[in-house]
Amino acid sequence: MFYVFHVDVNSAYLSWEAVYRLQQGDSIDLRTIPAVVGGSEADRHGIVLAKSIPAKKFGIHTGETLYGARQKCPGLVVVPPRYGLYMQCSEAMVAIMNQYAPLIQRYSIDEAFLHYQLPPSMIQGQGAEAAAVAAALRLKAQIRQELGFTVNVGIGPNKLLAKMASEFQKPDQVHTLFRHEVPEKMWPLPVQELFFVGRATARKLRGYNIFTIGQLAAADPQLIHCWLKKPGLLIWQYANGLDDSRVTDEPMPIKSIGNSSTLPFDVTDRATAHQILLALCETTAMRLRKIRRCAQVVSVTLRSSELITYRHQCRLASPTDVTSLIWQESCRLFDNVWKKEPLRHMGVHLSDLCSNEYYQLSLFHQHLEKHHQLDRTIDALRLRFGTRAVFRGCFSHSSIQPLMGGVLQDQEVDYPMMASYL
DNA sequence: TCTGGGGTCCTAGGACCC
DNA sequence: TCTGGGGTCCTAGGACCC
């Protein structure tokens, strides 16, 4: 007998930022005022990454522009993100969760599932439910006391219902969604609140007169399948509370890897574009080598200043993890597809990954071997002396960063462990 | 200086082969 | 050449999640 807990940090980035600032002696708790964590507007990354509850009351949404958010709330406090800090907060939370169960599945930086096993003496029923709630309340209180931030814990018979439960009322709440509670607690909700029903699917469903999760649950699955194809069957099952996926701590195998960046200025010439591709290839290929994979497909994504996004991909003759080969291919793709319009955003993605073992053994070609050794040497130097220790000469008199993409480049600052709070 | 960055999965349609 | 049908591979695009 077990239950699944879903632990969700309330306004994660903003709460973590608030706690850190209080620790540093700041007198204002960001959670109690209209405040958001947002990217740099000067670098054109100016969107809301997380918002406080008072900010939410002004109608501010995650993902909207800081400009838009300020229109809604002129006195809004905006603070920049510190991803390294957030990683540490996340680690500290998972460490506490581990005191309650050996099996934890990290779902994202601020969400995790916990497989809560009841003692064998407990059989299904009120006693078991009450025991699970009591444990969740203790977990929530311990996180709050030791780390200073609040979480919602959802309890259910499976991951889907646990996750739906954690979304109910916020912050600092434990909610249950046991099977017998589904008709009362989940079915009346608007269909777009169901996991995996996004804007597009909700719009289609409304076109078929399905407005609530209960209406979706009661619909004919064959019809839903016909309308929405395979994802339709999935959301029909979700609407009925059905989900047989297990909590697992085995990491998902990585299928693709990529980096992209909204550029500080519009790019209008080929040479600059190629240099940016190199900066993106450096980061992406380095990550590829780190996980010991080679890529067979290279893809270049472009977004124009008009926000039109398109991409172009191709399959390589043989898999590679060599930065310069990936860059060469990226430039070729770029030249074939760029329409010469100003570019706001560029990206490089690698997919169809395979092991690099065979590749390493078959380095017969001298020039490949040299590239390979160069990449390895640079990787080792960057690991030891930091990502800025060594970079290509073409960047030395350029305003373009030699490595682009990735969010954890500012991890040189070490933050104190959150567990030192209180 | 109004629109981020990291992923996964699915489907449509064309090319190509038998 | 007024050409059937099945299967595979590939690319582009769109949906969803955080």
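In what follows, a residue is called buried when its relative accessible area is under 20%, exposed when that value is over 50%, and partly exposed in between. The exercises below concern a predicted model.

**Exercise 1.** Find where Glu111 lies in the secondary structure, and decide whether Glu111 is buried or exposed.

*Solution.* Begin with the strands: Glu111 is found in strand β6, which covers residues 111-117. Next, take the relative accessibility of Glu111, which is 13%, and because this value falls below the cut-off of 20%, Glu111 counts as buried. Finally, consult the record: an unreviewed UniProt entry places the annotation "active site" on Glu111, although such annotations may be inferred rather than shown by experiment.

**Exercise 2.** Work out which helices are linked by the salt bridge between Asp335 and Arg270, and classify the accessibility of Asp335 and of Arg270.

*Solution.* The side chains of Asp335 and Arg270 meet in a salt bridge with an N to O distance of 3.0 Å. This pair links distant parts of the chain, since Asp335 belongs to helix α12 (residues 323-337) and Arg270 to helix α11 (residues 270-290), 65 residues apart. As for accessibility, Asp335 has a relative accessible area of 32% and is therefore partly exposed, while Arg270, at 48%, also counts as partly exposed.

**Exercise 3.** Describe how helix α14 is linked to helix α11 through Arg382 and Glu282 and through Asp375 and Arg289.

*Solution.* Take Arg382 and Glu282 to begin with: their side chains form a salt bridge of 3.2 Å, N to O, and the pair joins helix α14 (residues 366-385), which holds Arg382, to helix α11, which holds Glu282, across 100 residues. Both Arg382 and Glu282 are buried.

**Exercise 4.** State how many salt bridges are counted in the model, and name the residues linked with Glu17 in a network.

*Solution.* The count comes to 20 salt bridges. Glu17 is linked with Arg21 and Arg82 in a network of salt bridges.

Methods:
Residues numbered from 1 in each chain as written. Chains lettered and ligands numbered in written order. Predicted model: local features only at pLDDT ≥ 70, side-chain atom pairs only at ≥ 80, totals over all residues. Heavy atoms only, no water. Salt bridge = Lys/Arg side-chain N within 4 Å of Asp/Glu carboxyl O. Helix = DSSP H or I, 4+ residues; strand = E, 2+ residues; numbered from the N terminus. Buried < 20%, exposed > 50% of the residue type's maximum accessible area, 1.4 Å probe, protein only.
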